[in-house]
Amino acid sequence: MTISWYPGHMHKANKEMAAIIKDIDVVVEVLDARMPQASSNPMLSAMRQGKPCLRILNKADLADPHITKRWLAHFSNDPLSFAATSSKEKRINSADVIFLCQKLMRKANAGKPVVQAVPSSNPDLEALKEWKRQQKKHQIMIVGIPNVGKSSIMNQILGKHVAKTGNEPAITKGQQRVRLNDHWYLVDTPGVLWPKLEDQAAAYRLAMSGAIRNTAIEFVEVAIFAAQTLVTLFPERVKKRYQMEELPEGGEAFLEALARAKGCVRKASRVGASPARDDDAEKHHLPDIDWQKVSEMLINDYRAGRFGPMSLEIPPV
């Protein structure tokens, strides 16, 4: 299965973001701390046009803290970038964002040549110029893929509920502009993906996280990918979670064993069985397994962080 999800409102939102970015001072990109690379929009780099970018690694409590520190260092090495985290225990707020954006703007301007303005002989004019400089308004644009927690971050920054939140992707459907203080404004944008998910391994990780609507994917196929990933990278966590002494090799074999251990099976004489599920079971050569039920169990456990903090990506060397 090739994963692709790019509805019309995302195309429109990407065009609107590109149109307003010239008036933006700092871009804030919200990433999933468990998969910062997969959850970063590749279109944003060109769209930013050299604008500084603050990356917030959200859901940091669900990621490995040691790997998250490496991601923070990786992003902060870029002169036009800085990174911070947000989690249930330590939520980022308005003061944090303004402070980090100011710090990032100083960092970005550090290497630029200073243009000395010709002083005026009129002290009133000079005072007016200084007043205008102090009164300058700055704009932050917050962006992120669907279901990365961008709207929750927005509400944390503002200290009130202004953005819709939920467990389904694509909750925010339009831009919002709100005042942070006398000098800083925040522009919220809808969660968007990009037209073609060329890295399908990354696309499957996004599907695991809930960034892609369940109706746009084959749930069982994603669960098999998730099972293979978790059994390979975190076997002891999986054993502990499901109280299994040994793990079968391969995602499909693991899901079968998990289904039998947890009772996710169908009665052989079941009447009125769903044709879709029967076809799915036949596809995997195990007609008694309730693939949908066991798939939902595994994916929901991952999304809820029931395996403990885990990171699926490490920063490039």
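Strands E1 (residues 26-32) and E4 (residues 138-144) run parallel and are joined by 5 bridges. Helices (H or I, at least four residues) and strands (E, at least two) are DSSP runs, numbered from the N terminus. Two strands are said to pair if DSSP finds at least two bridges between them.

E1 also pairs with strand E2 (residues 53-58), in the parallel sense and over 6 bridges. Here the bridge partner of Val-27 is Cys-53 of E2. Between E1 and E2 the chain passes through helix H2 (residues 43-48), and this β-α-β crossover is right-handed. The term means that, with the strands pointing away from the viewer, the path from the first strand over the helix to the second runs clockwise.

## Burial of E1

How many of the 7 residues of E1 are buried? The count is 7 of 7, so the strand is largely enclosed by the rest of the structure. Buried means under 20% relative accessible area, exposed means over 50%, and partly exposed lies in between (1.4 Å probe, protein chains only).

In a regular strand the side chains alternate between the two faces of the sheet. In E1, Val-26, Val-28, Val-30 and Asp-32 are buried on one side, while Val-27, Glu-29 and Leu-31 are buried on the other.

## The sheet

E1 belongs to an open sheet of 6 strands with mixed pairing, in the order E3-E2-E1-E4-E6-E5. Strand E3 (81-85) and strand E5 (176-179) are the edge strands, each pairing on one side only. From one strand to the next the twist averages 25°.

Helix H6 (residues 150-158) lies across E1, E2, E4, E5 and strand E6 (184-188), and runs at about 150° to E4. Axes are lines fitted to C-alpha atoms, for helices over the stretch in contact, and angles run from 0 to 180 degrees between N-to-C directions. Contact means heavy atoms within 4.5 Å.

## Helices H7 and H8

The axes of helix H7 (residues 200-209) and helix H8 (residues 219-233) come within 10 Å and cross at roughly 105°. H7 is therefore roughly perpendicular to H8, a term used for angles of 65 to 115 degrees. H7 contributes Ala-201, Tyr-204, Arg-205, Ala-207 and Met-208 to the contact, and H8 contributes Glu-221, Val-222, Phe-225 and Ala-226.

By class, this contact of H7 with H8 has 7 nonpolar, no polar and 2 charged residues. Ala, Val, Leu, Ile, Met, Phe, Trp, Tyr, Cys and Pro count as nonpolar, Asp, Glu, Lys and Arg as charged, and the others, Gly among them, as polar.

## Two exposed residues

Ala-261 is part of helix H10 and counts as exposed because its relative accessibility is 53%.

Lys-267 is in the loop between helix H10 (251-262) and helix H11 (275-283). With 71% relative accessibility, Lys-267 also counts as exposed. Its C-alpha atom is separated by 9.2 Å from that of Ile-289, which is 22 residues away along the chain.

## The whole protein and the basis of the values

The protein has 12 helices and 6 strands, and 47% of its 317 residues are buried. Among contacts between residues at least 6 apart in sequence, 73% join residues at least 24 apart.

Residues are numbered from 1 along each chain as its sequence is written, and side-chain values use heavy atoms, with hydrogens and water left out. Because the model is predicted, local features need pLDDT of at least 70 and side-chain atom pairs count only at pLDDT 80 or more, whereas totals for chains, interfaces and linings use all residues.

Technical notes. Angles under 35 degrees count as roughly parallel, over 145 as roughly antiparallel, 65 to 115 as roughly perpendicular and the rest as oblique.
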